[in-house]
Amino acid sequence: MTNRKRKRGWHFRKEFVAGCIIIVLLTIAIFVASAFKTAQRKQTKTPAPLDNIASHTEEEKTTLPPQTVPVASIANPTVSDDDKVIYLTFDDGPTANTKNILDVLDRYGIKATFFVIHTYDGCEAQIKEIYDRGQQLALHSYTHDYSIYRSMDTYFDDLNKISDLVYNATGYRSMLVRFPGGTSNTISRDYCDGIMSALAEELPRRGYQYFDWDWDSTDASGNRRDVDVIVDNATDAIDYGDNHVILLMHDAAAKTTTVEALPQIIEAYRDAGYRFDVLSLTSYTYHHNPNN
Ligand SMILES: [Zn+2]
């Protein structure tokens, strides 16, 4: 009896010790797994070197950002003050010029951000090409008609349409936005007073980040703007000493001089020691003040 008791006690202690060991091992396994996941997440947030961002990861394709993200978590610039970086951006494509722009970017082995619109039925194929060639896809508008600013609902109806078009073409859900006319546009006032201020607050609330520009190539001020003028305006930031440049350019069928100016713009920034990067939820951003 005493022996059995002792034996049962011994068995109980053995089971207890074994249970403890299993719990400790499980805890260690969970800790290691979560540390590994965190390290992986950190790795994807760190800006990749240029030759490493040529293809999009599966995670990037399938992980949809949450619809509600506090502003603080996306206002997380990954560039330091003295880090010289330029973000080339092209609005209003895809068009007959897109392929030429992509070819120039490929020739220099650099990446840019394309804020696309629905330019024509079937433009999905070109949008997919932008994506497949490793460039950053971002949302500009479906219609690019200022009547989208009539209300919050009309704005998001339009944004959802271009978002779905990009998603259906590529499997990638872009959360990067540029307002037609920029945040500081004054035309939207004619449709709805205060709409830009409201949208500037609402987009981050829904998980989007929006981007204006701090330098304008001025290629929109006429169809065939002189190449030298575009280059001068596009590279002014270098003389000015601006280390973080979001440069506005356009991908419009008639704007062939933008493509002609592009190699000189790229070389000027490259020679001045800038690196080329794409805009993202964690990149540097620049916001104009709403003007309504
Ligand atoms: Zn535009």
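**Briefing on the predicted model**

Thr235 is found in helix H8; helices (H or I, at least four residues) and strands (E, at least two) are DSSP runs, numbered from the N terminus. The model is a predicted one, in which local features need pLDDT of at least 70, side-chain atom pairs count only at pLDDT 80 or more, and totals for chains, interfaces and linings use all residues. Residues are numbered from 1 along each chain as its sequence is written.

**Overall architecture**

- The protein contains 9 helices and 8 strands.
- Of its 292 residues, 32% are buried; a residue is buried if 20 or more other C-beta atoms lie within 10 Å of its own, exposed if 12 or fewer, and partly exposed in between, with C-beta atoms placed from the backbone.
- Among contacts between residues at least 6 apart in sequence, 80% join residues at least 24 apart; two residues are in contact if their C-beta atoms, placed from the backbone, lie within 7 Å.

- Thr235 counts as buried because it has 23 C-beta neighbours inside 10 Å.
- Not counting residues up to four places away in sequence, Thr235 touches Ile265 and Ala268.
- Thr235 and Leu247 are 12 residues apart in sequence, and their C-alpha atoms are 9.0 Å apart in space.
- The axes of helix H8 (residues 227-240) and helix H9 (residues 256-271) come within 9 Å and cross at roughly 30°; axes are lines fitted to C-alpha atoms, for helices over the stretch in contact, and angles run from 0 to 180 degrees between N-to-C directions.
- On the H8 side, the contact is made by Val227, Ile230, Val231, Ala234, Thr235 and Ile238, and on the H9 side by Thr257, Thr258, Glu260, Ala261, Gln264, Ile265, Ala268 and Tyr269.
- By class, this contact of H8 with H9 has 9 nonpolar, 4 polar and 1 charged residues; Ala, Val, Leu, Ile, Met, Phe, Trp, Tyr, Cys and Pro count as nonpolar, Asp, Glu, Lys and Arg as charged, and the others, Gly among them, as polar.

**The pairing of H4 with H9**

- The axes of H4 and H9 come within 10 Å and cross at roughly 20°, which makes H4 roughly parallel to H9.
- Asn100, Ile101, Val104 and Tyr108 in H4 meet Val259, Leu262, Pro263 and Ile266 in H9.
- The residues of the contact of H4 with H9 comprise 7 nonpolar, 1 polar and no charged.

**Helix H5 and its surroundings**

- In helix H5 (residues 124-132), the buried residues are Gln126, Ile127, Ile130 and Tyr131.
- Seen down the axis of H5, these buried residues fall within an arc of 145°, so they line one face of the helix; the arc is that of the directions from the helix axis to the C-beta atoms.
- The exposed residues Ala125 and Asp132 are carried on the face of H5 turned away from its buried side.
- The buried residues of H5 pack against helix H4 (98-108), strand E2 (113-116), strand E3 (136-139) and helix H6 (152-170).
- Gly122 lies in the loop between E2 and H5, and Gly122 counts as exposed because it has 7 C-beta neighbours inside 10 Å.
- H5 is followed by Gly134, whose phi is positive, near 85°.

Terms used. Angles under 35 degrees count as roughly parallel, over 145 as roughly antiparallel, 65 to 115 as roughly perpendicular and the rest as oblique.
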